[in-house]
Amino acid sequence: MGRYEVKKVCCIGAGYVGGPTMIVFANKCPDIQFKVVDLNESRIEAWNNKDLTKLPIYEPGLDNLLKKCRNKNLFFLTDIKSSIEEADMIFISVNTPTKRKGIGAGKASDLKWIEASARQIAEYAKGHTIVVEKSTLPVRTAETIKKILESSYKKHSEEYSSKTFSVLSNPEFLSEGNAINDLENPDRVLIGGESKNAIDSLENLYTNWINKEKIIRTNLWSSELSKLAANAFLAQRISSINSISAICEETGADIIQVSKAIGADTRIGAKFLNPSPGFGGSCFQKDILNLIYLCEFYKLDEVANYWQSVLNINNWQKFRISKLVVNKLFGNISEKKISILGFAFKANTNDTRNSPCIDICNELLEEGAKLSIYDPKVDYKQIHLDLNSNYKNEDKGSWEFCNSIKESAINSHAILILTEWDEFKKINWLKLSKIMQKPCWIFDTRFCSNKKDVLDAGFNYWSLGSQ
Ligand code: NAD
Ligand code: UGA
């Protein structure tokens, strides 16, 4: 038997991965029907919004691609049952956050949404279905999924005697803000599995736009582990360069020069060596914690400690920046207005999950600051959710939402740049200096400003990783 015919695809989870991934698939495979389903009705409604500025996620180029295929061969809906029933292939693209309570709390991934998806598939699927893990998962999750699916053979043995499954692991490597390019031109596509026919079927979808040489086939467990390891390696580079940024500030070395010098070695490579206020996003911390949990489970304590240190440096970097701001402002920021530029965890996304800005802002609020926060893509509601969830201390400072750099800067004692939005690279410092307090500081953690311009405008200046 050759590969399975795939005419109808379902994706469970219409989030940052499910949405963009299926939009690219649908554009590249016009003869296949894609249905993206989600429990979250308002998210599905937003994906179906005629006004493309109101899509649930911001991602450059996404709106144009969506326009081409939505309601043609791509559909967003909440009807999970019928979408599963008719699908030949189902991607599971649901959230896998760190567990908050119970066994493994604070480290293990919470697999309740994965299990629920597997149960829905077991219940509703018909005929042969290829089930693809798209979410990032602990090693050997495919085993759990297989067990749940296999239990349905017995339960429905009379009703659907021909119900069978193949399980594949196909982790996603897209990075937010660059998702479309990453999906259209990936460095590699990883497919782990046991069934050659199922792997061939998924590969056949990808080869509509990706060279076969870029497709790596592995066993299930290598595929699951490679995804965790890839994120851990990327995060480790950031913690490494951030640790060096602190040495630069003490010694007079310059982190930009050092980063360039290190990255020029082709064995190291220039990418992902940008110092920052710490890595954020929904995945690096979660996936390293998951890896640590795995190491501890197998009693590999030294390995667990090694990866824990990557997280420690990241937390330390955030904390040392907020401490530095307080120190530079005479050790007192109580009631002082501080302009915060950027709240997303990186530029070109509206995502704030685990953004370093949250921890840094919370530290400054603890000190009593009045923050005026501006981000071109993050709205008031999101900042409110992120900052007010643990906002119980009456003596804490306060924050306000701003609609522009100017509104945020007016009368403030300092500007702290936390996200590298292009808009922040074009600031006219001389103009801003006229509407701010004196003395006044610019703290740049993202290399958006030119030191000379800022100093010439009369500001005090601090930039990450230099003196
Ligand atoms: P997300 O929270 O944005 O989206 C997940 C969606 O799944 C939510 O809308 C949720 O309502 C839905 N969902 C949960 N259970 C469901 C169910 N039983 N039926 C239907 N819908 C259900 O998450 P995300 O950022 O898209 O991440 C998804 C997975 O992909 C995670 O495992 C993550 O680690 C991985 N990943 C994320 C990225 C990224 O850049 N965000 C990149 C690569 C991999
Ligand atoms: C990351 C990986 O890059 C993706 O390959 C992976 O698929 C994804 O996680 C995931 O599994 O979720 P993402 O988190 O979207 O993607 O964005 P990155 O570009 O990796 O940035 C993560 C964080 O690291 C950001 O806060 C960013 O500012 C920071 N970063 C990145 C640095 O501090 N320095 C760098 O040189 C690069």
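**Reading a helix, a sheet and some backbone features**

The buried residues of helix α5 in this predicted model are I114, S117, A118, I121 and A122.

Q: Where do the buried residues of α5 fall when the helix is seen down its axis?

A: Within an arc of 135°, so they line one face of α5.

Q: Which strands are joined to β10 by bridges?

A: In a regular strand the side chains alternate between the two faces of the sheet. Here, β9 (residues 337-341) runs parallel to β10 and is joined to it by five bridges; S339 has S372 of β10 as its bridge partner. Strand β11 (residues 398-401) is also parallel to β10, through four bridges, and I373 stands opposite F401 of β11. Of the five residues of β10 (residues 370-374), four are buried.

Q: What unit do β9, helix α13 and β10 make?

A: With α13 at residues 356-366, they make a right-handed β-α-β unit.

Q: Which residue has a positive phi of about 65° although it is not a glycine?

A: This is N71, in the loop between α3 and β3. Exposed means over 50% relative accessible area, and N71 counts as exposed because its relative accessibility is 52%. E335 also has a positive phi, of about 70°, and lies in the loop between α12 and β9. At 58% relative accessibility, E335 counts as exposed.

Q: Where is the cis peptide bond that has omega near -10°?

A: That bond runs from K438 to P439, and P439 is found in the loop between α17 and β13.

Technical notes
Residues are numbered from 1 along each chain as its sequence is written. Chains are lettered from A and ligands numbered from 1 in the order in which they are written. This is a predicted model: local features need pLDDT of at least 70, side-chain atom pairs count only at pLDDT 80 or more; totals for chains, interfaces and linings use all residues. Side-chain values use heavy atoms; hydrogens and water are left out. Buried means under 20% relative accessible area, exposed over 50%, partly exposed in between (1.4 Å probe, protein chains only). Helices (H or I, at least four residues) and strands (E, at least two) are DSSP runs, numbered from the N terminus. Two strands pair if DSSP finds at least two bridges between them. A crossover is right-handed if, with the strands pointing away from the viewer, the path from the first strand over the helix to the second runs clockwise. The arc is that of the directions from the helix axis to the C-beta atoms.
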